[in-house]
Amino acid sequence: MTDAGKRRFARPMTLAAAVCGALALAAPAAGAAGSAGDGEAVSGPLRDQRYCELLPVHLSFAGPVATVYNTIGHGNCPQAEWAALTAAELRRTFGGITVIRNGPRYFIMDRIVGAGATAAGDSVELGGITLVRRAELTLPWSVLWAEREPWHEQTVERETVYRFDAGKPLFELTGPDGSTYVMQSYSRIVDPTLSYADLPGLGSRLKLPAGWSYRMRVPEADVVLSAGGRAVVLQDDLTNTYQKMQPARP
């Protein structure tokens, strides 16, 4: 592989990968723009909608604190403007020990139904991109030296419900124990050329561990992923994000 190819598919930096693994898996959280009170769906089509996030990280006595800003509801995060953001500009704007980029990402669900508080925070404009503060989370100190590993479950606090329309594709992983994980967003962080059209055949590109499989299916009825306060999520080796489908309650 050429040097350019190595750079293109290089893994994120350790701190960035760890923080994105802990936070971005939860996005979009219940504070996403467009989501309203209990039972109200986000307006407008979401499937294949692009968004980006910035995650300033500060240190506190309790541990590293990451604030989530994203573009949801404020445009599609144009690539030229996103790529033009410099580390110096981000540090001047946010301060902290680092500012991590997460994105671009693209939704797979068709609707998001809010539950619990959904108030959005302050907004900031950088290079023509508007981002809104969504959440602030305290992370364990281990995030400073941990490295994100694909195919490992993480539990995140989230109240939102994702709906996938009948008749539209679902992209799923199946684990060795038979658990199903539904893709909630695909990523251009590792492969900047990945597109929605690539997803049906993505299994041939993933480095699937032993016992794992990938498939596309088209459901005959709407599929609902409810977090119920805690969602179990993971990422594949291209940083696409999936949520575990919980068994139906009796």
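A: A residue is called buried under 20% relative accessible area, exposed over 50%, and partly exposed in between. With a relative accessible area of 38%, Trp 141 is therefore partly exposed. The model under discussion is a predicted one.

Trp 141 sits in the loop that runs between strand 6 (129–138) and strand 7 (154–158). Together with Leu 59 and Ile 97, Trp 141 makes a nonpolar surface patch of about 270 Å². For the protein as a whole, the accessible surface comes to about 11,700 Å², and 53% of that area belongs to carbon and sulfur atoms.

Beyond four places in sequence, Val 65 touches Glu 136, Leu 137 and Thr 138 on one stretch of the chain, and Pro 56, Val 57, His 58 and Ser 60 on another. The relative accessibility of Val 65 is 12%, so this residue counts as buried.

The C-alpha atoms of Leu 170 and Val 218 are 6.0 Å apart, with a separation of 48 residues along the chain. Apart from neighbours within four places in sequence, the contacts of Leu 170 include Phe 164, Val 182 and Val 223, and also Arg 215, Met 216, Arg 217 and Pro 219.

Asp 236 belongs to the loop between strand 13 (229–235) and strand 14 (241–244), and its relative accessibility of 0% is why Asp 236 counts as buried. A polar atom of the Asp 236 side chain lies 2.8 Å from the backbone nitrogen of Leu 238. The Asp 236 side chain also makes a polar contact, at 3.0 Å, with the side chain of Asn 240. Ser 195, in the loop between strand 10 (180–187) and strand 11 (213–217), has a relative accessibility of 18% and therefore counts as buried. Leaving aside residues up to four places away in sequence, Ser 195 is in contact with Tyr 186 and Arg 188.

These local views belong to a protein with 4 helices and 14 strands. Of its 250 residues, 48% count as buried. Among contacts between residues at least 6 apart in sequence, 80% join residues at least 24 apart.

The confidence of the prediction should be read alongside these details. The mean pLDDT is 80, and 74% of the residues reach 70 or more. Over residues 1–13, pLDDT stays under 50, and the model has 12 contacts for this segment beyond four places in sequence. Over residues 29–43, pLDDT likewise stays under 50, and the model has 38 such contacts there.

Technical notes:
Residues numbered from 1 in each chain as written. Heavy atoms only, no water. pLDDT = per-residue confidence, 0-100. Contact = heavy atoms within 4.5 Å. Patch = residues over 30% accessible without salt bridge, like charges linked within 9 Å, V, L, I, M, F, W, Y side chains within 5 Å. Areas by Shrake-Rupley, 256 points an atom, 1.4 Å probe, with all protein chains shown as cover. Salt bridge = Lys/Arg side-chain N within 4 Å of Asp/Glu carboxyl O. Helix = DSSP H or I, 4+ residues; strand = E, 2+ residues; numbered from the N terminus. Buried < 20%, exposed > 50% of the residue type's maximum accessible area, 1.4 Å probe, protein only. Polar contact = N/O pair within 3.5 Å; in protein donor to acceptor, adjacent residues only side chain to side chain.
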